[in-house]
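This report looks at one helix and at a few backbone details in the loops.

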Amino acid sequence: MAVLVNPTAGRGRRAGVLADVVGRLRAARLVPRVLAAPDRERAQQACREAVDRSPAALVAVGGDGTVHLAVQAVAGTEVPLGVVPIGTGNDFAGALGLPIDPEPAIKRLVAALTQGQRTIIDLGRATAPGAEPLWFGTVLSAGLDASINERANQMRWPKGPRRYDLSILAEIARLAPHDYKLVLDGETQELTAMIVAVGNTARYGGGLPVCPAADPADGMLDLTVIGPIGRATAVQMKSLMRKGKHIDHPAVTTRRVRTLEIHGEPRRTYADGERGLPLPVTVECVPNALQLLA
């Protein structure tokens with residue numbers, strides 16, 4: 001089986017986890033092969049080449065960015081994905097009920113491999129003119145939330161989810177809504193919004209359940225739109241979102257869709273906390289697209 005590792009995930013605090021993963025897999029009479037992945041591009045290529053050889057699994061040891069790379073390779077194939085989270089937010093693992101600490105995650109991974117346990121889930125797929133399709137397992141965001149992710153990814157301090165908190169406050173200080181045209185299962189809406197979030201699962205940004213009812217096995221995507229709000233309300237919204245109560249706010253609308261288009265001024269979306277495709281994008285739910293070792 002193939003193992004993709006990001007030794008800098010979680011700021012390198014758990015660099016010894018790879019040895020634990022490899023050792024436990026070998027003890028279970030499994031044969032791990034660590035992929036050479038010195039940078040993002042070569043990691044992506046290594047994952048695709050590994051999946052072409054039909055390994056028993058592709059195991060991602062890292063944060064949400066590492067999982068995101070692995071998903072691009074295994075989506076729509078028979079190769080299952082295993083996850084050992086050692087990142088900052090670990091939203092993929094957290095949203096799917098996987099252990100977010102390495103030791104129980106490794107134990108569960110080995111059990112799933114040896115017992116043949118797989119959970120099949122949906123994925124989101126985004127497309128844009130002239131770009132390769134981009135798969136995502138958690139949330140695709142456009143607007144303030146994408147700007148927050150961009151800032152958080154550039155920060156070197158503090159460590160952990162606190163980075164997202166500070167990034168939120170910094171972006172709220174220069175709060176500005178954007179105009180969008182959304183096409184929701186063929187129905188066109190024009191609106192002004194702070195946040196447009198499309199969830200295959202509930203959470204992003206280190207545990208914020210922006211799409212609290214999202215179910216990765218229902219064949220649908222959950223859309224959460226937050227309209228124009230002031231700075232004081234934006235700060236309050238963050239607190240409400242942590243409890244999943246933001247959907248009751250009058251500035252918030254939600255909807256379930258199979259496909260949607262997001263049109264707006266050209267800027268990057270974010271998917272699984274990673275830089276995604278620029279607007280405009282078309283997003284669809286692809287049912288049963290991922291086999292997960294769980």
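Is R29 buried or exposed? At 79% relative accessibility, R29 counts as exposed, where exposed means over 50% relative accessible area, buried under 20%, and partly exposed in between (1.4 Å probe, protein chains only). The model is predicted, so local features need pLDDT of at least 70 and side-chain atom pairs count only at pLDDT 80 or more, while totals for chains, interfaces and linings use all residues. Residues are numbered from 1 along each chain as its sequence is written, and side-chain values use heavy atoms, with hydrogens and water left out.

In α2, residues A43, Q44, A46, C47, A50 and V51 are buried. They cover an arc of only 165 degrees around the axis, which puts them on the same side of α2, the arc being that of the directions from the helix axis to the C-beta atoms. E41 and D52, on the other side of α2, are exposed. The buried residues pack against β1 (2-5), β2, β3 and α3 (64-74), contact meaning heavy atoms within 4.5 Å.

Elsewhere, the peptide bond from L279 to P280 is cis, with omega near 0 degrees, and P280 is found in the loop between β15 (274-278) and β16 (281-292).

How values were computed. Helices (H or I, at least four residues) and strands (E, at least two) are DSSP runs, numbered from the N terminus.
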